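This report describes selected local features of one protein model.

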Amino acid sequence: MEHWWKSDVCYPECQSGEARGVEGASAAWQTSHGDADNQPLTGLRPPAHVCVCLRGRGSGGIVFHAHDCQCLPRLACRWRASHGPRQTAQHRRRPREGHQETQVPQSRLFIIGNEFCERFTYYGMRTVLSLFLKNSLKLDEDLSTIIYHVFSMLCYFFPVIGAIIADSWLGKYKTIAYLSVVYAIGNIVVSVASATSLNIPSKELTYLGLLLIAIGTGGIKPCVSSFGGEQFALPQQARQLAAFFSVFYFSINAGSLISTWLTPELRTTECMGMDTCYPLSFGVPAILMIVAIVIFIVGKPGYKMVNPKGNIMVEVSMCIGNAIKNKVGSKEKKGNWLDYADAKYSETLRNDIRAVLRVLLLFVPLPVFWALYDQQGSRWTFQANNMNGRLGSWVVKPDQMQVVNPILIMILLPLFESVIYPALEKMHLLRKPLQRIATGGLLGAVAFIISGVLQLQLEPNLPVETTPGFSQVRVFNSLHCNMTLHGDIGGSQQFGPYQVPSMGFWADTDFTSSGAPLNLVASGDCGSATFSHELKDEASLSFNMYYSDAAKQTVAFSGPFEDDLDKDAYPKTRVMYHFTGSQQHKVDFVLDGKVEYSDSVSGVGASEKTPVLTPGQYSIRVDDKEVAAEFLDVGGVYNILLDETNTAKPASILTVITANTINLFWLMPQYIVISVAEIMVSVTGLEFSFTQAPNSMKSLLSSAWLLTDAIGNVIIILITTVKFFPLQSSEFFLFAGLMVAVMLIFIWLAVRYVPVPPPPSDEDEETTDSTASTPSTATPQDHPQKEKE
């Protein structure tokens with residue numbers, strides 16, 4: 001959102017592009033027209049014209065565009081959001097000579113198209129990232145969560161670097177262009193790395209690609225919107241600028257909504273011999289990023305270029321560093337530690353830094369909120385992966401639930417502004433920004449209590465995951481008689497005896513994988529057999545007992561076959577078979593009379609491919625003859641056991657991992673609560689912080705706001721790494737308790753915070769037009785009667 005600010009004197013420098021700020025102009029006018037006490041003399045009025053300038057979203061947040069300052073009649077100027085200075089009817093009809101409204105820049109279309117494609121790219125690849133790390137790269141949930149949030153943290157850290165580069169060195173156009181190329185390369189690298197069927201170092205390439213994406217998306221994040229704003233001549237095109245930003249933010253929402261829904265659909269298709277197609281779900285965003293670069297560069301001839309003018313964050317950092325350095329080496333006592341920088345930096349800058357540090361103190365508890373909020377793409381997605389999104393024949397993918405939050409925000413935000421907040425104010429509730437932020441933080445804790453309770457319902461049916469140092473073993477029995485199984489690992493770790501029923505299986509999920517061989521001994525009415533195989537760390541292996549001769553005299557083990565036990569939005573199946581002879585046999589999966597998947601097998605073995613099947617009641621047919629039927633549901637892992645020699649029961653469908661039973665839409669309560677919390681914390685917090693910070697510090701405060709999100713991701717990384725509790729539900733409750741604790745700290749800070757008075761309203765300014773006055777530069781300490789938040 002754009003805002004206007006004004007000074008009380010129209011200087012020649014204003015017309016030439018060197019605007020003075022509110023305080024400086026007021027001081028200059030008082031110096032020229034005040035008495036010895038710097039008070040306005042009786043009978044004197046401020047000049048008839050004032051200097052009006054635009055402050056807009058810049059590389060780090062809010063910056064001033066001195067070149068967009070104009071001299072306008074005093075009565076025409078008001079503090080306005082998005083509409084520019086209010087002008088009299090006379091001035092609207094007859095614009096001032098030399099300042100006729102110019103044609104709307106066509107370059108805006110290229111910037112909007114670029115933003116749509118870039119947001120499609122970012123949200124599209126991020127939506128499927130956590131499941132890709134877990135299911136394709138075979139990382140456990142904790143490590144997948146850590147990698148995901150390291151990536152997110154970097155995406156919110158690099159905007160600070162991008163803002164400095166744009167404001168101090170390259171300018172916005174070159175920063176966007178150069179870092180967009182880095183961004184596109186990163187997406188291409190991740191897309192190639194996701195083709196795990198190729199013999200390439202997928203993990204290493206993925207990490208490299210994510211780093212490049214973080215540098216690119218983070219670096220251009222603070223530049224694009226402000227670059228678009230610079231294309232308009234102000235104040236003549238204030239309305240067009242407001243319209244531009246409306247379309248600009250619509251393009252952001254459109255790109256993110258479409259990609260968040262589309263990329264999960266793309267990943268569940270089959271390609272390159274894999275049952276999922278992450279190369280496609282990452283590749284489409286990569287193509288859109290290339291398109292974004294082309295669109296942006298094509299529009300270059302029409303862009304207005306603004307030279308870099310320096311970055312306030314650099315100046316603030318140097319001032320603080322200078323003050324600390326001088327304080328350490330000085331014995332002189334000064335009123336405030338920042339005063340030790342008075343030899344090099346102005347009092348105005350030092351006062352502004354003091355003011356912004358007061359606001360930043362309120363930011364301290366906020367990273368914990370972002371630690372909760374950002375888990376929608378990691379922990380909550382893994383939670384959704386253990387739930388059933390089946391709605392008839394339509395299945396909602398677990399990662400598609402992330403689209404709920406932006407949809408709710410678009411619905412709830414206008415509802416809060418027009419209905420809920422006004423109603424609460426009538427009841428004298430949540431009337432102040434800090435009260436709303438505290439309430440939103442507590443609602444974030446409520447959302448995680450809800451997710452913890454839901455997780456408690458899921459945990460009894462969750463599959464046992466493979467962990468470092470352990471292996472899982474399953475032994476199937478396709479013989480016509482029951483078998484007894486026992487054995488050892490390396491001659492020391494004994495297990496058994498266990499009964500393995502005919503056309504059934506036995507499983508052990510916590511074998512120690514010490515590198516010693518697994519020794520199996522099977523015996524029964526069908527005969528006996530021994531088998532030895534070295535266990536594989538963090539792997540699940542399956543074997544099958546069958547007759548190895550036509551006379552049914554010799555029992556043997558087939559395998560090992562590595563299991564794919566990762567749940568997803570569709571049922572996973574594997575055919576384990578034994579046929580005599582070399583004849584090919586057709587195995588069909590038939591749903592509602594239609595063949596959904598077909599395979600051709602012969603001899604002894606197991607299918608290598610896991611077909612992507614629609615959940616439903618399936619008929620399994622061998623050579624067009626039905627041999628078994630079963631309802632295959634979301635999240636279930638099934639083993640179809642076929643044995644031609646077992647005349648009593650030639651086929652069986654065995655459930656290896658139980659299908660998901662709890663409906664996916666039980667996630668809606670926690671999504672609704674966290675979305676309400678976001679409105680009350682994020683939207684209110686940004687507005688409050690900008691109204692409280694000095695004008696020169698708006699960009700610094702914007703960068704600090706982004707850094708709270710980065711720190712929130714660091715909190716997730718630390719808690720996940722330490723792993724305080726073995727159950728995920730306990731971790732959800734831990735985050736909820738942490739949120740409550742820091743919100744109590746926030747409330748304590750908020751009670752003691754004295755807000756800076758807001759800028760004068762229209763009525764106030766009309767009063768000053770008939771009374772000698774100057775804009776207030778008083779600090780909160782000058783107004784002890786001001787009610788605290």
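## Helix packing

Helix H4 (residues 107-136) and helix H10 (residues 278-298) have axes that come within 8 Å and cross at roughly 160°. Axes here are lines fitted to C-alpha atoms, for helices over the stretch in contact, with angles running from 0 to 180 degrees between N-to-C directions. Helices (H or I, at least four residues) and strands (E, at least two) are DSSP runs, numbered from the N terminus. The crossing angle makes H4 roughly antiparallel to H10, a label applied to angles over 145 degrees, while those under 35 count as roughly parallel, 65 to 115 as roughly perpendicular and the rest as oblique.

The crossing of H4 and H10 is left-handed, that is, the near helix is turned anticlockwise from the far one by less than a right angle. In the contact of H4 with H10, the residues divide into 20 nonpolar, 7 polar and 1 charged. Nonpolar covers Ala, Val, Leu, Ile, Met, Phe, Trp, Tyr, Cys and Pro; charged covers Asp, Glu, Lys and Arg; the others, Gly among them, are polar.

## Basis of the values

This is a predicted model, in which local features need pLDDT of at least 70 and side-chain atom pairs count only at pLDDT 80 or more, whereas totals for chains, interfaces and linings use all residues. Residues are numbered from 1 along each chain as its sequence is written, and side-chain values use heavy atoms, with hydrogens and water left out.

## Cysteines

The structure holds 2 disulfides, a disulfide being a pair of cysteine sulfur atoms within 2.5 Å. In one, the sulfur atoms of Cys-481 and Cys-526 are 1.6 Å apart. Cys-481 lies in the loop between strand E6 (470-477) and strand E7 (483-489), and Cys-526 in the loop between strand E10 (517-524) and strand E11 (527-534), so the bond ties together parts that are 45 residues apart in sequence. Both Cys-481 and Cys-526 are buried (under 20% relative accessible area; exposed is over 50%, partly exposed in between, with a 1.4 Å probe and protein chains only).

Cys-271 and Cys-277 form a disulfide with their sulfur atoms 2.0 Å apart. This link of Cys-271 and Cys-277 is right-handed, with 100° about the S-S bond, and both residues are buried. Cys-117 is also buried, at a relative accessible area of 5%, and Cys-223 is buried at 0%.

## A buried asparagine

Asn-646 is placed in the loop between strand E20 (637-643) and strand E21 (651-657). With a relative accessible area of 2%, Asn-646 is buried. A polar atom of its side chain lies 3.2 Å from the backbone oxygen of Leu-479, and the side chain of Asn-646 reaches the backbone nitrogen of Lys-649 at 3.1 Å.

## Backbone geometry

The peptide bond from Gly-496 to Pro-497 is cis, with omega near 5°; Pro-497 is in strand E8 (residues 493-500). A cis peptide bond also joins Gly-559 and Pro-560, where omega is about 10°, and Pro-560 is in strand E13 (residues 555-562).

Although not a glycine, Asp-624 has a positive phi of about 65°. Asp-624 is found in the loop between strand E18 (616-622) and strand E19 (625-632) and is exposed, with a relative accessible area of 58%. Lys-723, likewise not a glycine, has a positive phi of about 55°. Lys-723 lies in the loop between helix H18 (698-722) and helix H19 (728-751) and is partly exposed, with a relative accessible area of 29%.

Note on methods
A polar contact is a pair of N or O atoms within 3.5 Å; within protein, one must be able to donate a hydrogen and the other to accept it, and residues adjacent in sequence count only if both atoms are side-chain atoms.
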